[in-house]
Amino acid sequence: MDRIDPWTTKQIDISRIFQEFGVERIDPLLDKIPIKHRFVRRRIILGHRDYDKVLNAINKNEKFAVMSGFMPSGAAHIGHKMVMEEIIWHQKMGGDVFVSIADMEAHAVRGIPLKKCREIGIREYITSIVALGLNPENAHIYFQSENFRLRDLMFEIGIVTNFSTMSAIYGFSGDTAISHISSVLAQSADILLPQLKEFGGARPVVVPVGFDQDPHIRLVRDVADKLRRFQVELHDGYVRIRNKTADNDLFNEVYERVREYEKVKIYQGHIDILDLKDATGLNEIEEIVRKVEMDNGYYGFYPPSSIYHLFVSGLTGGKMSSSNPDSHISLLDKPEYAAKKVKKAKTGGRVSLDEQREKGGDPDNCSVFELLYFHLIEDDIKIERIREECRSGERVCGECKKEAAVLIEEFLKDHQEKRKAVEDTVESYIKRLR
Ligand code: TRP
Ligand code: SF4
């Protein structure tokens, strides 16, 4: 089994993530999503872990949170815009928002001074996400290095995480810098932070990310489990509460709380409830036990949920990268410059115009079509028409690129105006949690 390295720009094979790492397809959940963002309508978001828990909370009007993070190492490009849109979309569906600027990670892994990270974080990420429509009044926006609740939590996470686990997931070895390892703990802490009591307590949290971030999600879900005192399991015909790390007092308190069920048996390390036989019963007990944990100052974490979107391809082919300006469209690119890049982009067109007219182009391998599909055209009928026109040879690349260039120019102009309008106030929304 190969590893996925979140710090390189290698393309990854998505089908493997489903098969080997247990990410699930999002399709069966589509009906339950109240606002159908174009990313789900178009299957740009393809996979998830435990997203059903979040959807249940949304549909029952219960509390949930959305959290993601950005490493302030360079320009925010339209790939980052996808995460920003996903956060905003979940805020609209009722989620509490957490946005982490991962300056500890950028500092440790990319060698960027913290002061520079702060500048980049505000300019590239925070200003843009607010300009795109995030309501910052109801959001926790913070820098990792300035959040001491996060740093305390990192330490706790470090207690239940060992080096073998880390190296199995990330390939860390003896010469990996300790603070690189530490920055992974910071990301786990980012993701668990919304479930701390002072930030709203244990509840479902969705983390929208690209597929490359899945190793972090696997790790944090494991950590969330390890920090629980009990495990509740559904067995054949009964529900079992297994004591993992609780002391006698806590164990007895759980027993007191479930005694009202009819057939309850207590053993040395577990309690069985024989009148509960299905998932509903399991959930019921899970919530009782979680509450006992929380009432006694423990975390009671839910394993965080995630949704995964496809990568945006670079305009020059390969993956879109922050460090190569030709490959990306940054949210701060001069609109005319972005338009120029689109006109030079790699397409799925044929070598000659005649051949294209005759055989048609390949929109599914075209960075210009992708730009339209992911970002620039909201209307589903229109985008499908463009796809067909391309395939049939009716549409040719020159015209098509011009159309996309105009749209990107318009988008960036508008976005940059909106940025101006919020620029002066964004800093006031950053939470220093010392
Ligand atoms: N590691 C992520 C990246 O490189 C950034 C990140 C930090 C993050 N904390 C996070 C992503 C929490 C999701 C959730 O882009
Ligand atoms: Fe891409 Fe448009 Fe050319 Fe088709 S016509 S290959 S969509 S640029």
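Select helices α4 and α15, which run roughly parallel to each other because the angle between them falls in that class (under 35 degrees roughly parallel, over 145 roughly antiparallel, 65 to 115 roughly perpendicular, the rest oblique). The model is predicted, so that local features need pLDDT of at least 70 and side-chain atom pairs pLDDT 80 or more, while totals for chains, interfaces and linings use all residues. Residues are numbered from 1 along each chain as its sequence is written, and side-chain values use heavy atoms, without hydrogens and water.

Helix α4 covers residues 78-92 and helix α15 residues 367-376, and they pack at about 25° with their axes 11 Å apart; helices here are DSSP runs of H or I with at least four residues, and strands runs of E with at least two. Show next the side chains of Ile78, Lys81, Met82 and Glu85 on α4 and of Leu371, Phe374 and His375 on α15, the residues that make the contact, where contact means heavy atoms within 4.5 Å.

Now colour the chain by its domain assignment, an automatic or database one: domain 1 is 14-227 + 302-311, domain 2 is 230-295 and domain 3 is 325-422. The C-alpha centres of domains 1 and 2 lie 31 Å apart, and seven residues of domain 1 touch five residues of domain 2. About 450 Å² is buried between domain 1 and domain 2, with 42% from carbon and sulfur atoms; this is the accessible area (1.4 Å probe) lost on putting the two parts together, summed over both.

Finally, go to Aspartate 50, in the loop between β2 (45-49) and α3 (51-59), whose phi is positive at about 55° although the residue is not a glycine.

Technical notes:
Chains lettered and ligands numbered in written order. Axes fitted to C-alpha atoms, helices over the stretch in contact; angles between N-to-C directions.
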